[in-house]
Amino acid sequence: MFARIVNRARLMFRSTAVRLSALYILLFALCAAFLVFYVTALSEKTLVQQTRQTIQEEIQDIQRAYDRGGINLLLRIMERRARQPGANLYVIAGPSGDILAGNVASVQPGVLDKEGWTDMPFGYTPYSENQGARRHLAIANVLRFDNGLRIMIGRDLGDPSRFRYIVRQALMVALAIMGLGALVIWFGIGRNALKRIDRMSAASQKIMAGDLSQRLPVGRSGDEFDRLSESLNAMLGRIEKLNEGLRQVSDNIAHDLKTPLTRLRNKAADALSEDREDVRRHALEGIIGESDQLIRTFNALLMISRVEAGSMAAEMSDVDLSAASADCAELYEPVADEVGLALVTEIEPGLSVNGNRELIGQAIFNLLDNAIKYAAEGGGVPEIRVKLSSAAGLIRLSVCDNGPGVPADKREEVTKRFFRLDASRSKPGTGLGLSLVEAVMGLHGGRLELSATDEASAEAPGLTVTMVFPAVKG
Amino acid sequence: MQTIIPHSGSADDSAGAKIASDAIVPHMKILVIEDDLEAAAYMTKAFREAGIVADHASDGESGLFMGTENSYDVMVIDRMLPRRDGLSVISELRKRGVNAPVLILSALGQVDDRVTGLRAGGDDYLPKPYAFSELLARVEVLGRRKGTPEQDMAYRVGDLELDRLSHEVKRAGKEILLQPREFRLLEYLMKNAGQVVTRTMLLENVWDYHFDPQTNVIDVHVSRLRSKIEKDFDKPLLKTIRGAGYMIKDEG
């Protein structure tokens with residue numbers, strides 16, 4: 001039974017609301033206790049001070065009366081005052097300390113011996129009460145005359161236990177109010193906010209189970225919880241989209257690798273059934289060529305994903321883009337020449353970026369490869385232009401051809417992995433060239449732009465691919 | 001076309017290897033440290049066909065032991081090995097004063113991977129998968145490097161002469177005018193005369209780019225160079241080695 005209660009309490013304590021409320025109660029209780037004690041102490045002190053002041057005034061009155069009318073006047077005044085309701089305490093005592101007159105039956109021994117203020121509250125018995133009745137506490141001032149006569153004027157401090165009772169009462173009320181407040185807080189947070197958190201975690205459970213289309217509930221208040229849900233939902237949307245993209249890519253990869261693998265398999269089967277040595281050798285050579293192509297495709301895919309993951313970011317340095325583009329153009333110039341294309345360069349000298357020379361080189365190679373592959377087709381001017389310029393904090397490296405170009409609505413798609421225009425499917429290539437270029441640009445904080453070289457030309461608009469780099473600062 | 005390790009060697013491959021074995025590399029002895037036993041068996045067999053004695057170690061520790069105890073002309077070391085990482089084998093070998101050239105094989109294939117490999121003391125780097133002809137050509141060039149002083153100021157193959165100081169190229173006493181890049185291409189070919197030089201090696205050493213040139217860019221440059229040095233002469237010097245690359249050689 002006890003164990004169960006403890007267990008239950010422990011479970012309850014796991015809730016943030018309960019923990020918070022408990023903490024609040026504790027804090028408030030401490031504050032309240034401090035306040036109550038502070039206020040009582042302060043009021044007690046003020047009370048004593050006021051009492052002392054009235055006593056002091058009375059002492060002065062008595063002194064004056066004695067000076068004016070001697071002992072008789074003194075006695076008369078004291079007699080009169082002592083009889084008033086709620087009067088102060090008055091004692092007239094002889095030199096030996098025995099009480100001669102006044103409204104007090106007895107006082108704590110020793111009080112009357114010392115002249116001036118009593119050090120501490122002392123006990124006394126009022127005259128009216130029976131012997132053995134409870135003692136009261138008082139403070140007093142004692143005056144001693146030359147003839148040994150002593151006068152004490154004091155004031156009752158009231159019943160101290162009653163005072164404590166009031167203090168305790170106030171504390172209890174305060175604690176009760178705080179307990180109630182804590183309950184309200186707990187209901188406020190626990191019943192409302194915690195329920196929402198529970199709903200959120202329930203929704204995340206479903207998402208973790210694989211249902212990425214689930215969204216967290218969003219209320220109308222627009223408070224912190226709603227804002228949290230909204231940003232988590234936005235994140236989920238992005239993840240879902242990326243996941244979708246990934247699935248599409250792997251679908252594409254599977255599809256695009258299946259074709260050459262099937263071809264490979266067929267060629268192997270052919271070679272196996274072939275008896276003539278030279279034909280068999282030819283088929284085997286075909287198989288090797290096919291495998292090489294597959295390996296290239298895999299390498300390119302791996303390269304793209306590594307570049308996209310940014311794992312090469314470590315090897316960044318100053319790359320002289322002017323030199324790199326001139327080098328690449330020089331390397332490709334004879335290749336272009338072979339298919340009857342002129343390679344023209346318009347390179348602004350001295351432009352450099354922070355980047356990876358190998359990757360930028362490979363990107364330019366890919367663009368030149370593409371340009372040479374397709375430029376010869378259109379009826380346009382047989383030339384390829386490599387342009388490098390800088391403007392407005394950007395460095396633009398363009399490779400322009402006058403081939404058939406890419407229709408405007410397909411320009412976004414050609415950078416996707418394995419995407420190839422129908423017209424180019426017959427040409428050799430992996431369909432990964434521009435994907436790599438785009439990934440390289442992403443790594444360099446730049447972007448890839450595709451446009452027509454000559455918008456006006458219908459049959460040979462050409463394609464201009466521009467690598468846009470952010471310029472190096474300073 | 002290139003052949004790719006691992007998996008079966010092909011007729012084309014051994015043909016490439018046989019041609020290479022005709023080169024003047026008598027009894028080169030190399031050490032292959034590779035944990036993939038199938039690939040290692042294929043490699044040692046193919047090296048033997050090319051006239052190269054290849055010892056094999058299958059983990060880093062035994063490779064380090066063999067490399068320290070015996071004297072090899074070239075070592076081919078896989079980057080990822082059991083018991084001791086390939087790069088650590090290389091730096092330990094260097095620490096022990098073994099100066100044989102090292103070629104690093106790596107499946108990682110990242111651009112900065114090559115840099116770390118060379119920094120660790122490697123002399124050349126080849127990402128997997130690779131064609132055996134590529135590996136063979138690189139091993140032969142590395143093995144030969146020991147004997148050829150870098151300081152040779154002039155190269156000569158048959159009646160073709162190249163002066164590295166004056167940048168003059170002459171054939172049979174007649175001056176041939178070359179573009180700067182053509183000069184560097186010929187310089188690299190002649191420095192490795194009698195040895196197969198692959199397209200990737202040319203791209204690396206003449207243009208300083210380290211990836212597989214997927215199109216025929218290098219071929220076009222070589223054929224331009226060839227027409228300049230062979231056009232008016234009878235004897236061909238610059239040969240195309242099928243499935244491998246190029247070789248400049250005077251067949252006497």
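Keep in mind that the model is predicted. Chain B has 252 residues, and 43% of them are buried. Its secondary structure comes to nine helices and 12 strands. Of the contacts in chain B with a separation of 6 or more, 63% link residues 24 or more positions apart.

**The sheet in chain B**

- Five strands of chain B form an open sheet with parallel pairing, in the order E2-E1-E3-E4-E5.
- Strand E2 (52-57) and E5 of chain B are the edge strands, each with a single partner strand, so one side of each has no neighbour in the sheet.
- On average, neighbouring strands of this sheet are turned by 20° against each other, direction ignored.
- Helix H3 (residues 60-69) of chain B packs on the sheet and touches strand E1 (28-33), E2 and E3 of chain B. The direction of H3(B) makes about 160° with that of E1(B).
- H4(B) packs on the sheet too, touching E1, E3 and E4 of chain B, and its direction makes about 150° with that of E3(B).

- How many of the five residues of strand E4 (residues 102-106) of chain B are buried? Five of the five are, so the strand is largely enclosed by the rest of the structure.
- B:Val102, B:Ile104 and B:Ser106 point one way from E4(B), while B:Leu103 and B:Leu105 point the other way.
- Strand E3 (residues 74-78) of chain B pairs with E4(B) in the parallel sense, over four bridges. To get from E3(B) to E4(B), the chain runs through helix H4 (residues 86-95) of chain B, and this β-α-β crossover is right-handed.
- Across that pairing, B:Val76 stands opposite B:Leu103 in E4(B), and B:Ile77 has B:Ile104 as its bridge partner in E4(B).
- E4(B) also pairs with strand E5 (residues 124-127) of chain B, again in the parallel sense and over four bridges. Here B:Ser106 stands opposite B:Pro127 in E5(B).

**The nonpolar cores**

- The largest nonpolar core has 118 residues, and those with the most contacts inside it are A:Tyr332, A:Val440, B:Ile30 and B:Met75.
- Which element gives the largest share of this core? Helix H7 (residues 357-375) of chain A does, with 11 residues.
- Setting aside neighbours within four places in sequence, B:Met75 is in contact with B:Ile30, B:Leu31, B:Ile33, B:Gly67, B:Ala100 and B:Val102.
- There is a second, separate core of 19 residues, which includes A:Ile62, A:Met78, A:Val91 and A:Ile151.

**The helix pair in chain A**

- The axes of helix H6 (residues 321-338) of chain A and H7(A) come within 10 Å and cross at roughly 30°.
- Is this crossing of H6(A) and H7(A) left-handed or right-handed? The crossing is right-handed.
- On the H6(A) side, the residues that meet H7(A) include A:Ala324, A:Cys328, A:Tyr332 and A:Val335. On the H7(A) side, they include A:Ile360, A:Ile364, A:Phe365 and A:Leu368.

How values were computed
Residues numbered from 1 in each chain as written. Chains lettered and ligands numbered in written order. Predicted model: local features only at pLDDT ≥ 70, side-chain atom pairs only at ≥ 80, totals over all residues. Buried ≥ 20, exposed ≤ 12 C-beta atoms within 10 Å, placed from the backbone. Helix = DSSP H or I, 4+ residues; strand = E, 2+ residues; numbered from the N terminus. Pairing = 2+ DSSP bridges. Right-handed = clockwise from strand over helix to strand, strands pointing away. Core = buried A, V, L, I, M, F, W, Y, C linked by C-beta atoms within 7 Å. Contact = placed C-beta atoms within 7 Å. Axes fitted to C-alpha atoms, helices over the stretch in contact; angles between N-to-C directions. Left-handed = near helix turned anticlockwise from the far one by under 90°.
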